[in-house]
Amino acid sequence: MIRKYIILPFIALGICLTSCNDFLDKLPDDRAEMNAQDKVTQLLVSAYIEHSPNFLFHMSSDDVDDNGKEYRAQLNQEQMYRWQTVEGRSNDDPRSLWQDYYEKASTANLALATIEDMGNPESLSGERAEALLCRAYAMFVCANTFCMAYDPTKAEEYMGIPYPKKPNVSVKERGTLKETYENIAADIEAAMPNLSEEHLKVPKYHWNKKAANAFAARFYLYYHDYDKVIKYATAALGSNPTDNLRDLASLSTLGATDFFHAYKNSTVNANFIFMPAYSICGRTTSGSSLYLRFCHNSTMANYETFWPRMPWGSGSSANTLWPSHKLYGSTQAVRFPIQQEEFEYTDKLGNSGYAHILDVPFQAEETLLCRAEAYALKGDQEKAVEDMNYWMSSFCAPTYTYTSGGKSYRITRPTLTQQMIDEFYNDTTKHYAPVIPDQNEMELTRSVIKRLHPQGFTVKEGTSMEHNIQMILQMRRITMIYHGIRFQDLKRYGIEFCHFIDGEDPIVFKAGDLRGAIQIPDDVINDGVKPNPRDN
């Protein structure tokens, strides 16, 4: 079932969903007794996560800055920005995320048990694959949220998450991160041979073949199995990636709202899967006064994301990058309009209901960049550069004409070569971004070049591999802004950065920072699950 939402022209309060005490064994609904194949299909509709970590990850990342105490922020927003334990119960808080992930895993387990009770008929092999992917994805997002980045040298030391495999059986032992990733990999590999879309009435709201392969590619990138990244990314993208990439040129004349709807349209090949989520994340991107203190502001746009000098151009004028010309908002909240709040009324007269975002967790351009990164880390820089050029064909205009000082200028999108990339990063006018940039000398101390401290793998500084990784990370940062991917990249590559706090010393996120594993909810700790360790 596809939910239909009403777009609000004003800010309305989101209502937190009801919850239960035991997160790990709650029955998803009253359909436990099933004996017909169509009931399994119906059950799987409820096995997709409905709470997104995007708001939590966005606030935790280096895409957000402090606009000052004169602007308002919500308590959970500030706690996320400070990398503190978030104690609230709203839809974007860790408590709701944890609950949702385990409810969906329980739903998937109920579907799997039902299929097994029916004798695992061949006619339900597609549904079984879908259920396995639902469980694997819920646990993958849970691990990304509540665990450290996967590091093979520390995976048996780092805590994993409980991984339930049977309905109504509570699992409280977290095990190791190595065991968690092994379980996710086993579910993915068991599912992939039986992928089917025959039983899917609306494929883009389910694990269709492209989305499933994109999920597998990202998982194996985080798991450091680069051959499988390439295998699954290629399966998702096809022999000609441009067939699945966005035509941003066709959206260039649209206003913000029309751009959003065109970008998120289900007919766009690049949108592999939709997962609507209960979330107020759209309020931070829209510049709501209630969330305006901590935002992606003009400082970030100028020096970190859309407008810093890159091979494709710089600023809001001399730039072939399409998103650089599609920024809206204010100095305090600069937004690329690919996310906005959609609202489901439960009581129009009372002006209450549920705030949503339409999340697209897997998109062709990001899957392409997963493959490019895998090629680079394997040492195949030629293939990595080829994929980066595919990305530029989507996100950059072939030519762009702008006016400055009464004169017209025409710039052309370059075709990247390894020499060009090396020269760009070896330019002596550039430098690695300091962990704490000087707020008074932003142009001198902000940089898109980050010092890498890879967690469990090696990227030698000053090499073509590092230069390509730097560019891929910047491309992904632009592509998936607001989608939480940046925080995972910061964790994986041990990129150190700071959050400025008005009137206080900056706070620093270190390589291998234990706060990268978000603290699990108090309810869960009180129920006997071990909390994440902290340095102090």
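I count a residue as buried when its relative accessible area is under 20%. The model I have open is predicted. In it, buried residues make up 59% of the 536 in the protein.

**Overall shape**

I looked up the secondary structure and found 18 helices and 12 strands. The radius of gyration is 22 Å, close to the 24 Å from the globule rule for 536 residues, so I note the protein as being as compact as a globular protein of that length. I read the span of the C-alpha trace along the principal axes as about 75 × 50 × 45 Å.

Residues 24 or more positions apart account for 73% of them.

**Surface and charge**

The protein exposes about 21,000 Å², and I note that carbon and sulfur atoms supply 47% of it. I found 54 positive and 69 negative side chains. The centres of these two sets lie 2 Å apart.

**Valine 171**

I located valine 171 in the loop between helix 5 (125-146) and helix 6 (177-191). Its relative accessibility is 21%, so I log valine 171 as partly exposed. Its C-alpha atom is separated by 9.4 Å from that of isoleucine 161, 10 residues apart along the chain.

**Salt bridges**

My search of the whole structure gave 33 salt bridges. I looked at several of them.

Aspartate 523 and arginine 89 meet at 3.5 Å, N to O. This pair links distant parts of the chain, 434 residues apart: aspartate 523 sits in helix 18 (residues 522-526), arginine 89 in the loop between helix 3 (75-81) and helix 4 (94-117). Aspartate 523 is partly exposed at 22%. Arginine 89 is partly exposed too, at 47%.

Next I took arginine 218 and glutamate 366, a salt bridge at 3.1 Å, N to O. Arginine 218 lies in helix 7 (residues 209-222) and glutamate 366 in helix 12 (residues 364-378), 148 residues apart. Are these two side chains' residues buried or exposed? Arginine 218 has a relative accessible area of 5%, so I call it buried. Glutamate 366, at 1%, also counts as buried.

Lysine 510 and aspartate 535 form another, with the closest N and O atoms 3.6 Å apart. Lysine 510 is in the loop between strand 12 (507-509) and helix 18, while aspartate 535 is in the segment after helix 18, 25 residues apart. I log lysine 510 as partly exposed at 40%. Aspartate 535 is exposed at 54%.

Last, I noted a network of salt bridges that links Asp62, Asp63, Glu304, Arg446, Lys450, Arg477 and Arg486.

Notes
Residues numbered from 1 in each chain as written. Predicted model: local features only at pLDDT ≥ 70, side-chain atom pairs only at ≥ 80, totals over all residues. Heavy atoms only, no water. Helix = DSSP H or I, 4+ residues; strand = E, 2+ residues; numbered from the N terminus. Rg over C-alpha atoms; globule rule 2.2 N^0.38 Å. Buried < 20%, exposed > 50% of the residue type's maximum accessible area, 1.4 Å probe, protein only. Contact = heavy atoms within 4.5 Å. Areas by Shrake-Rupley, 256 points an atom, 1.4 Å probe, with all protein chains shown as cover. Lys, Arg positive; Asp, Glu negative; His and termini not counted. Charge placed at Lys NZ, Arg CZ, Asp CG, Glu CD. Salt bridge = Lys/Arg side-chain N within 4 Å of Asp/Glu carboxyl O.
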